[in-house]
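These are my notebook entries on a structure that I had not examined before. I set down what I looked up, topic by topic.

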Amino acid sequence: MGPTIVGQLMSSDLKVYYADDPDPEKAGQGLALAPLIHTVLGQPDLSYWMMSPAEQMAMVYLLEHLRPRVGIEIGTRFGGSLQVLAKYCDRVFSLDVDPDVPLRLAGRHSNVEYVIGPSRETLPPLLSRLSAEEAPLAFVLVAGDHSAYGVKPDIDHILDYKPVVPLYVVMHDSFNLECRRGLVEARWADCPYAHVVELDFVAGSVNLSPTFREQLWRGLALGVLLPERREGRLEVIGRSTRTYERVLQASGDGSIVPRLRGLGSVWH
Ligand SMILES: C[S@@+](CC[C@H](N)C(=O)[O-])C[C@H]1O[C@@H](n2cnc3c(N)ncnc32)[C@H](O)[C@@H]1O
């Protein structure tokens, strides 16, 4: 039987988006899902997940081994990543600006609380509430507003939170120029609980689809906050930094490189 996509549900691990796919956002993207993902997640149908197969595998690896009691997702859309958080976390908060998200996913996840509004406004009170409850927040996915001015406050709010258990912060689209700027400019070093930041936990790529052709997208960044204070320095690192810079230089966007190395602020 061939792969089928029913509405926003995908029911085959082997769906491939070839270059002549009629959907201009997906054409040329290749394999849509991580192999065996239906088996691993124990679900015959999956909500459309806006991550590459390698990103999906990294998410499952972290969540399966962390088994967070409490998780937050900023940016849910069709519920692709939320279905994985909901499987591995006891309790999840889905933050999205789109009021259709809880309607779209009605009845799918009994352990998810939907919070509608811009994360700039909804995240701080949620983190205060979890702090007051001493809730064991162990995982946050940042995948909402993709502008630098959206990513930086999302991260900074998380960095203002004092973790009570190890807190893994995964940030999607770290190869996107705006997202990377926001990630680099966030106040990581000012947070005494931040112990590591790797921008290229999973590297992104130059997008092949007609809609996003020649744009840098995808990539998962990872930050780890621990309840104990850090000793020593913290640098924002990226194992694909040189790859990234060389692509920017080749495309004529090289002037942004010093800023991405933290050598010049994008905020003034
Ligand atoms: C790329 S989609 C998320 C995809 C999802 N994480 C996945 O992997 O399938 C981005 C989502 O972020 C939401 N969003 C955009 N700006 C936001 C903001 N300021 N606050 C909260 N959510 C926002 C959009 O409505 C959209 O649903």
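Predicted model: local features only at pLDDT ≥ 70, side-chain atom pairs only at ≥ 80, totals over all residues.

**Entry 1. Overall form**

I began with the protein chain as a whole and found 9 helices and 15 strands in it. Its radius of gyration is 18 Å, close to the 18 Å from the globule rule for 268 residues, so the chain is as compact as a globular protein of that length. The C-alpha trace spans about 55 × 50 × 30 Å along its principal axes. Of the 268 residues, 39% count as buried. Among contacts between residues at least 6 apart in sequence, 65% join residues at least 24 apart.

In what order do the strands of the open sheet of 8 strands lie? I read the order as 8-7-6-9-10-14-11-15, and the pairing is mixed. Strand 8 (112-116) and strand 15 are the edge strands, each pairing on one side only.

I followed several of the pairings in turn. Strand 7 (residues 91-96) is mostly covered, with 5 of its 6 residues buried.

Strand 10 (residues 167-172) and strand 14 (residues 220-225) are antiparallel and are joined by 6 bridges. Here M171 stands opposite A221 in strand 14. Strand 14 also pairs with strand 11 (residues 194-202), again in the antiparallel sense, over 5 bridges. G223 in strand 14 is the bridge partner of V197.

I recorded one general point alongside these pairings: side chains in a regular strand alternate between the two faces of the sheet.

**Entry 2. V197 and V236**

Strand 11 and strand 15 run parallel and are joined by 2 bridges. V236 belongs to strand 15 (residues 236-237), and V197 stands opposite V236. How far apart are V236 and V197 in sequence and in space? They are separated by 39 residues in sequence, while their C-alpha atoms are 5.2 Å apart.

**Entry 3. The nonpolar core**

The largest nonpolar core has 58 residues, and those with the most contacts inside it are L85, V140, V142, V169, V170 and L183. Strand 9 (residues 137-142) gives the most to this core, with 6 residues. I took V170 as an example and listed what it touches beyond residues up to four places away in sequence: M59, L62, L141, L220 and L222.

**Entry 4. Helix 7**

Helix 7 (residues 177-185) is mostly covered, with 7 of its 9 residues buried. The buried residues are C179, R180, R181, G182, L183, V184 and E185. What covers these buried residues? The cover includes helix 6 (148-159) and helix 9 (257-260), together with strand 10, strand 11, strand 14 and strand 15.

**Entry 5. Around the ligand**

I counted 20 residues around the ligand, of which G75, R77, G80, S81 and G144 come nearest. The shell divides into 9 nonpolar, 7 polar and 4 charged residues.

Most residues other than glycine have a negative phi.

R77, one of the residues that come nearest to the ligand, has a phi near 50°, a positive value in a residue other than glycine. R77 lies in the loop between strand 6 and helix 3 (82-88). R77 counts as buried because 20 C-beta neighbours lie inside 10 Å.

E134 also is not a glycine, and its phi is positive, at about 50°. E134 lies in the loop between helix 5 (119-133) and strand 9. Is E134 buried or exposed? E134 is exposed, since 9 other C-beta atoms lie within 10 Å, and a residue with 12 or fewer counts as exposed.

Terms used: Residues numbered from 1 in each chain as written. Helix = DSSP H or I, 4+ residues; strand = E, 2+ residues; numbered from the N terminus. Rg over C-alpha atoms; globule rule 2.2 N^0.38 Å. Contact = placed C-beta atoms within 7 Å. Pairing = 2+ DSSP bridges. Near = placed C-beta within 6 Å. Nonpolar A, V, L, I, M, F, W, Y, C, P; charged D, E, K, R; others polar. Core = buried A, V, L, I, M, F, W, Y, C linked by C-beta atoms within 7 Å.
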